[in-house]
Amino acid sequence: EEHRTVEGFSLDMADPETKRAIEVDGPFHYLEGASSGEYVVNGSTRFKERLLRTYGWNLANVAFFEWDRKTEAERRQLLTDKL
C-alpha cells in the first residue's frame with residue numbers, strides 16, 4: 001500500500017517518522033535517449049523528487065531496469081545499500 005505524505009505526495013514505501021522512502025520507478029518514469037539508448041529520468045519524476053527533498057524526505061529510487069535483473073538476495077542488498 002502506498003503512503004500519502006501530509007504534503008499530498010504518494011510514495012511506494014515510506015517511514016513518515018524518519019521521512020525515509022523508497023520509490024520504485026517503472027518505465028513511465030524514464031525517457032529513453034534516442035542516440036545512447038540509456039534511460040533518463042523524466043521531468044515530472046525529477047520535480048517530485050526535488051519537492052520531496054525540499055520537504056525533508058530522504059529518497060531511495062529503485063529503477064525497474066536495476067530491479068528486474070537481480071536475484072532475490074541481490075534485491076535485498078540493493079534496498080539495504082540505497083537506504
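Student: What makes Tyr 30, Tyr 39, Phe 64 and Phe 65 a cluster?

Tutor: Ring pairs link these four residues. Rings of Phe, Tyr and Trp (its six-membered ring) pair if their centres lie within 6.5 Å; planes under 30 degrees apart count as stacked, over 60 as edge-to-face and the rest as tilted. The model is predicted: local features need pLDDT of at least 70, side-chain atom pairs count only at pLDDT 80 or more, and totals for chains, interfaces and linings use all residues. Residues are numbered from 1 along each chain as its sequence is written, and side-chain values use heavy atoms, with hydrogens and water left out.

Student: How many aromatic pairs does the structure hold?

Tutor: There are seven aromatic pairs. One of them joins Tyr 39 and Phe 64.

Student: Why is the pair of Tyr 39 and Phe 64 called edge-to-face?

Tutor: The ring centres are 5.2 Å apart, which is within 6.5 Å, and the planes stand at 80 degrees, which is over 60, so the pair is edge-to-face. Tyr 39 is in strand β6 (residues 39–41) and Phe 64 in helix α2 (residues 64–67), 25 residues apart, so the pair links distant parts of the chain. Helices (H or I, at least four residues) and strands (E, at least two) are DSSP runs, numbered from the N terminus.

Student: What kind of pair do Phe 64 and Phe 65 make, and why?

Tutor: Their ring centres lie 5.3 Å apart and their planes are at 85 degrees, over the limit of 60, so this pair is edge-to-face.

Student: Why is Phe 64 called buried?

Tutor: Buried means under 20% relative accessible area, exposed over 50%, and partly exposed in between (1.4 Å probe, protein chains only). Phe 64 has 17%, under 20%, so Phe 64 is buried.

Student: What makes β3 (13–15) and β7 (58–63) edge strands?

Tutor: Three strands form an open sheet in the order β3-β4-β7, with mixed pairing. β3 and β7 each pair on one side only, and they are the edge strands. Neighbouring strands of this sheet are turned by 15 degrees against each other on average, direction ignored.

Student: How do you know that β4 (residues 20–25) and β7 pair?

Tutor: Two strands pair if DSSP finds at least two bridges between them. β4 and β7 have six bridges, so they pair, and they do so in the parallel sense. Asp 25 stands opposite Ala 63 in β7.

Student: Which strands do helices α1 and α3 lie across?

Tutor: Helix α1 lies across β4 and β7, at about 155 degrees to β7. Helix α3 (residues 72–82) also lies across β4 and β7, at about 150 degrees to β7. Axes are lines fitted to C-alpha atoms, for helices over the stretch in contact, and angles run from 0 to 180 degrees between N-to-C directions. Contact means heavy atoms within 4.5 Å.

Student: Is Gly 43 buried or exposed, and why?

Tutor: Gly 43 has 52% relative accessibility, over 50%, so Gly 43 counts as exposed. Gly 43 lies in helix α1 (residues 43–54).

Student: Why does Asn 42 count as buried?

Tutor: The relative accessible area of Asn 42 is 10%, under 20%, so Asn 42 is buried. Asn 42 is in the loop between β6 and α1. Asn 42 touches Phe 28, His 29, Tyr 30 and Leu 31, not counting residues up to four places away in sequence.

Student: What makes the link between the side chains of Asn 42 and Thr 45 a polar contact?

Tutor: A polar contact is a pair of N or O atoms within 3.5 Å; within protein, one must be able to donate a hydrogen and the other to accept it, and residues adjacent in sequence count only if both atoms are side-chain atoms. The contact between the side chains of Asn 42 and Thr 45 is 2.9 Å, within 3.5 Å. The side chain of Asn 42 also makes a polar contact of 3.2 Å with the side chain of Ser 44.

Student: Why is His 29 called buried?

Tutor: His 29 has 14% relative accessibility, under 20%, so His 29 is buried. His 29 is in the loop between β4 and β5 (30–32).
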